[in-house]
Amino acid sequence: MTPLLPAWFGTGHERRAKLFACLAVVCLAIATVGVLAAPSHPRLATDHERPENNTLIALQGYQDDGRAIEVAPDGEIVWEYDGTDDVFDLEELGPGRVQISTADEIPDARCPERYRNDGHANCVRNSLKIVEQSTNETRWEYAWYDVELHEHELHDADHYTTEDGEDRWVMVDMGNDRVFAVDRDKEIVWEWNATDDYEMPDGMGPEADWTHVNDVDRIEPGVFQISLRNFDTVAELRVADDGSVSLRPVVGPNSFEGGEGPLYEQHNPDRLADDHLLIADSEQDRIVELNADGEIVWTFGGSGTLQWPRDADRLSNGHTLITDSYNERVLEIDENGDVVWEVTTGTLPYEADRLPGEGSADRPTADEAGLADAGDPGNVVEKYLGYATAISKYVLPNGVGEQFVPLLGGALALLGAAIEGVRWRSNGRLRAWLAQRTDR
């Protein structure tokens, strides 16, 4: 009978060691080809129903490759701003002007004195910038420093005007668990601290990730909606004329300890018509719409469809624009849940807005838009494999993280080859020793 493998492969541990080594070579070759053949981004991936207008996309990035881009309906970049490490929120303020929420990691030597020897490597400079797109010049900026980049960034800001026509900007300060508003002169006009309404758990230090407040929207004069991500809660801040602030929970357990509720570490809740909420329910890999009673009336996604989405906007035509972060794409779905337009970004997107200035406020609800629940819920393997691939991109060079699966296969095969090789050599030495004992 003809052997399945050449005699060179040997038998037992020798054969397994050589097979593992061959498998490692194949996996590493696949990864290399994947890196070299990776397409350029952004790239138009689905084009069944091309939008009429451009789309703004905020790219957080994985290491220091954050940027803001404007993408045409054909997927081509028509504007780009890359003068920062991370970009989170990106909004149009008017023709040719955008508002960008950014974070930059600063070396300790260039940090303010209080952050140089604080036990944390480097510090972060958070900045809200108003940028002229034609020149990328910063026309106005509000900035502050904090102890470190991770969990201390500026994730969102919202511009509004008072009844007297004065400009205001409200921002979320994740590192200090607060929400505050400033005027054009950069004076704080009102401020809410989480400690005003909540008690920090025992043993949690001042720099711990407590509320992870990551979103704020002015929904009407004196009323601001916030997202307390680590509380799985959406709440309202009601600001009185004297600057005092009261809190009203809208949906969620309203507690760091968690509890029963529909959300799990949400991002970017948007108020629709009839007090409906459209929310990126991030850790459950889905987009949900809740009615005024907090009941889920529409869902899209699951780990087989979305991976850690962090933004969703209901467009005026009833479609939904979704930022699918760990799948590195921005997609538009229609009323049937079908993807009609999609751009892959090649790096980590945080949120997206369709121009001109089309957010979710007063947009159609699921009932009005005739949306049907859609999306493949996926499985545990898909969820955690996608998560592991995304996490690898924080530590591996650009392009290499995309090849996490073949790289993992190659590493495991090399480990198997090493183990079997040791056993093969050990058995050889054992046979030689036994042969010597027999000769005696």
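Modeller: Buried means under 20% relative accessible area, exposed means over 50%, and partly exposed is in between (1.4 Å probe, protein chains only). The model is a predicted one: local features need pLDDT of at least 70, side-chain atom pairs count only at pLDDT 80 or more, and totals for chains, interfaces and linings use all residues. Numbering runs from 1 along each chain as its sequence is written, and side-chain values use heavy atoms, with hydrogens and water left out.

Let us look at strand β22, residues 320-324. Helices (H or I, at least four residues) and strands (E, at least two) are DSSP runs, numbered from the N terminus. Five of the five residues of β22 are buried, so the rest of the structure largely encloses this strand. Take its two faces in turn. On one side sit Thr-320, Ile-322 and Asp-324, and these are buried.

Now the neighbours. Two strands pair if DSSP finds at least two bridges between them. β22 pairs with β21 (residues 309-314) in the antiparallel sense, over five bridges. Pro-309 has Asp-324 of β22 as its bridge partner. Together β21 and β22 make a hairpin, with five residues between them. In that turn, Gly-318 has a positive phi of about 90°.

β22 also pairs with β23 (residues 329-333), again antiparallel and over five bridges. Here the bridge partner of Ile-322 is Leu-331.

Asp-285 has a positive phi near 55° and is not a glycine. Its place is the loop between β18 (277-281) and β19 (286-290). Asp-285 is buried, at 3% relative accessible area. Asn-122 is not a glycine either, yet its phi is positive, about 65°. Asn-122 sits in the loop between α2 (113-116) and β7 (123-132). At 24% relative accessible area, Asn-122 is partly exposed. Then there is a cis peptide bond between Leu-355 and Pro-356, with omega about -5°. Pro-356 lies in the loop between β25 (349-354) and α3 (366-369).

Finish with charges. Side chains of opposite charge can pair when their charged atoms come close. A salt bridge is a side-chain nitrogen of Lys or Arg within 4 Å of a carboxyl oxygen of Asp or Glu. By this rule there are 21 salt bridges. One of them joins Arg-229 and Glu-265, with the closest N and O atoms 3.7 Å apart. Arg-229 is in the loop between β14 (223-228) and β15, and Glu-265 is in the loop between β16 and β17 (267-271), so the pair ties together parts 36 residues apart in sequence. Arg-229 counts as buried at 10% relative accessibility. Glu-265 counts as buried too, at 18%.

Arg-139 forms a salt bridge with Glu-132, the closest N and O atoms being 3.6 Å apart. Arg-139 also bridges to Glu-137, with closest N and O atoms 3.6 Å apart. Glu-137 is partly exposed, at 40% relative accessible area. Elsewhere, salt bridges link Glu-236, Arg-238, Arg-248, Arg-271 and Asp-275 in a network.
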